[in-house]
Each structure stands twice: as C-alpha cells, then as structure tokens.
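Please look through the structure shown here before reading the questions and answers that follow.

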Amino acid sequence: MGRYIQMSEKIVLKGKRVVGGVAEGEALVTSEYISGWGGLEPSTGKIIDLRHELAGKSIAGKVLVFQGAKGSSGWSGAFHQARTNGFAPTAMIFNEMSTKIALGSVVTRCPAMTGLDEDPTKVIETGDWVRVDADNGLVEIIKNYQGGKEMLKKLLAFLMIIALMLSFVACSSGGDNDSNKGSSDEKPVKWVMTTIYTDPTGGDITYKSLGAAMEYFINRVNEKSEGRLTIEGFYGGVLGSANDTFQQMERNETQIYYGQPMSTINKAFGVWSIPFLFTDYEKIVEVACDPDGEFFQLSSSLFDPHNAILLANGVGNIRGLLNSKQQVGPIEDVRNLKIRTYEDEIVNSFWTNICNATPMGIGDVYTALQTNAVDGLEFSVDSIITRKYHEISKYYSDINWQWANGACFVVNRQAYENLPEDLQQIVSECAWEAANFQTEHSISDYNKALTILESEYGVSIHNLTDEERQTWIDYADSVADDMRQAVGAELYDNMKRLANK
C-alpha cells in the first residue's frame, strides 16, 4: 500500500521544497534523467536528446516530472536560457537532488520539489493535471485529466474576459503617482541569495552569526519593501561551493552572494587574508566596517571586474589555532605539527614553511583529527564548537593570525541597477543593518566560545604574551614579499597602510 492519499480522482503526495511557490499545469513525465547542454534546446524548450523517451517534446508550460539531472555543470545554464526565452516549465518535480539541479531549479524560477513520499515518475502520468504547492510541501494530482481539457479552456476564456474587465476598471480609476513607491503596474521582483553558512532558522543562533545575519537581511528587505522585492535564501552550500555561488551571482543566475570571496576567483581577494592585518575585533569594526572609510571603498573597487557591488561588510571573524598535541605559544611550538589549511596562496605562503601544512576540505577535518591525519587547524573559535572539534583537540591559542572577511554582502550589478532607486536604497540600508547585526553577534559569540571551551569542554586556552605574538608577526614580515607578489604590491601596501591608520 502506498503512502499517498486517493480522494476520488485526486492524489496527494507530500515532499520537500527546493524552490518555493505554487503552480499547476499538465504533467510531462519521464523516469529517465534529463541533460542540460545537449539534451535541451533553450530556444524551443524541446528535448533534443534523440535517445531520450521525451525526444521532440517541449517542457514549456508543463509540470516537468523526472528522475534527475545528468551531464555537465552547464545543466542550469540551459534551463536558465529556456526561462529567459519563455520556454521554462511551470513547475518541476524530481527524485534525485544534486548541486546542478538545485541551481537549475533556482534559475528556472519555478516551484520545485523533491523527496516525495512516493516515486512521482510512477504515480504521475503525462497528461495528468498537477498542482505543486512547494511552500506547503504538497503535490496534488488529478488523474485522467484529458477529458476535462475543453471545460478548462472555456473556464480560462471566461476568466480572461473577467480579468480584462477588471483591468479596464482599474486603469480608468487612476493610480498613485508617488515615484518613490513604484508605479501601480510595477511587478514584484524576486531575488535569490546564497551562502555556504549554516541555516539558522528555527533555533538558537549562538555561533551562527553569519547565517543569522543573512536571514536578518532577507527578512528586513521583504518587510521594508512591502513585497515589492522578495529574496529567497539558500544556505549550507546547497547550490555549490563559495566559488560556485560567487560565479552564479556574477552571471546573474542568483543575485546576492554572502560570504568570503576567495583568491581562487581573483588573486586580489587574497588581500583580506594578509596575516595580522587585524588582530582584534575593535580595529576591524573601526576600519573595515565603515561604509565611508577608505578601506571599505578600496575593498569595494575589487568587485568592479566581477559585475558586482559590495553592499556592506560585517566583522567576520578572527582565526586562532586548535590542536591535539601541545600548547602553542611562540611560533617555534608549531613546527612539528600537522596543520590543516585551506587552499589560498596567502595561506600557503604563511603556513608552508613553519609546519607540515595540509590543505584539506572542511568536511574531512573531523575524521582527520580523529585519525591523527592532522594534529590541528587554524580556525575561528566559535566554529570550533559548532563543528565539535573540541571533542578531539584540547589546546587553543589566540594567535589571531588572520581576519576572515566572511561577511560580505555582494550583489550583481545589473540586478541592483535594474531596481527603482527607493528599492536600491532599501537593499543597501538593510545590508548594513545586517552587517551590524553580524558584528554584534560575532563578537559576543567569540567571547562566549572562549569561556565555554575552557569551562565546559576542558579546552586549555592560551592567550599569547606580547613577546610570543611578536614571533608570529616577525615571521609574517619575513614572507611579506611572497604575499605582496600574490595579491599585487600596490594593493598589498595600501591595505596594510589603511589597516594601520
């Protein structure tokens, strides 16, 4: 017995939302995977893979029901072009979730669902009428719908006449000429915002200042714009890595990126990773989080080649050192340790010569610490708790070697400039509100995490003396030429100068 409910000719399935919204239409169903590039013709919406069971059929205006995506990362690009050409599906339902299909659903901008409690490719047949309510996780199916099409056409024609009559009455009654509020026929704008940070929804936001700030921003924009601009957020890297999501924003597939732009995208972005650029939060707030300051203005200019605008900057966080072997004070104490690092030219320049530096994806670190593949890692103190590294490693030092500029609100320039001026102002104001929110909570989390690590989790906290910290700073100065070359000498010198003002 299946888990769906049959009521007369209606079947109801439950599932998970991928992209919100409600839509309905005639189903186009396949149990096969669908390719993007080479499988779909964006200019017609037709399946052009001759080996596919839907070859020659168009997805335009249909509720597309299929197994999943196959092929290259260009899958989302094909569906994005189909939408811009007017040949997108009305809604999508699929079985297998992946990064490419998640992004494809977002850029297609139609309700999308997965994880239904029955296989939709077996329950739904081509020609069934399907209503997708992704907001509430429901799919309603009317079977044997073919016989009711003529009645639907007559109903739609009647509704069209009523709509035209109402439109005529509305036009005759005049409208609000206040340009700051938008014209009466202004269409609501929908944006997508992405991050790799944890979704803070429905719980304590302690140690989740980054994800919580993004949620705060989205809610404030939705509220202050009164529905004229709505933003849907995707957390936890569901649409890809930091680099993937930044490039999606560049292409205007998504509109806002929130995180730390990486030097693997643009070597100039590595300038924020300069060792000891900042060593305390107070200085970061004063210099980097001032919208009128030279530091922020110089940082903003780095986004010009990427068709993007830096809206605001939160405080991010400062990275210390956790390990399982010994307390670390002066730099000599780290030389025999295996330290996990992340892929970045500045990071490599700094750590390679002082320890056994091991670049590694963050998802592998816990197991690596368990198996002694690495002895420790440089990391922010609050994230040590959220990822539970304190269960394995018991020595933390506040070397504060690097500022992680991970609270950047970056918007696609075209998307931003296409907004009315008052909505541009709302977006900018809300970004700074959210940046300040992140700053406040990040500093609070830092202090709280240090206390809890020591008092509750038994981690030994070492606050470096001035002499010990100077050994780290002296080393950073000794490799400065490598870092100046990595990001550009002029940019490096200007950032150092502004940070030390």
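Q: Is Asn307 buried, partly exposed or exposed?
A: In this predicted model, the relative accessible area of Asn307 is 30%. Buried would require a value under 20% and exposed a value over 50%, so Asn307 counts as partly exposed.

Q: Where is Asn307 placed, and what is its phi?
A: Asn307 lies in the loop that runs between α8 (294–301) and β17 (308–313). Most residues other than glycine have a negative phi. Asn307 is not a glycine, and yet its phi is positive, at about 55 degrees.

Q: Is Asn400 buried or exposed, and in which strand is it found?
A: Asn400 also has a positive phi although it is a residue other than glycine, with a value near 45 degrees. The strand that holds Asn400 is β22 (residues 395–404). Its relative accessible area is 6%, and because the cut-off for buried is under 20%, Asn400 is buried.

Q: What is the order of the six strands in the open sheet, and which are the edge strands?
A: The six strands have mixed pairing and follow the order β20-β19-β21-β18-β22-β24, with a twist that averages 35 degrees from one strand to the next. Each edge strand pairs on one side only, and the edge strands are β20 (356–359) and β24 (460–462).

Notes:
Residues numbered from 1 in each chain as written. Predicted model: local features only at pLDDT ≥ 70, side-chain atom pairs only at ≥ 80, totals over all residues. Heavy atoms only, no water. Pairing = 2+ DSSP bridges. Helix = DSSP H or I, 4+ residues; strand = E, 2+ residues; numbered from the N terminus. Axes fitted to C-alpha atoms, helices over the stretch in contact; angles between N-to-C directions. Buried < 20%, exposed > 50% of the residue type's maximum accessible area, 1.4 Å probe, protein only.
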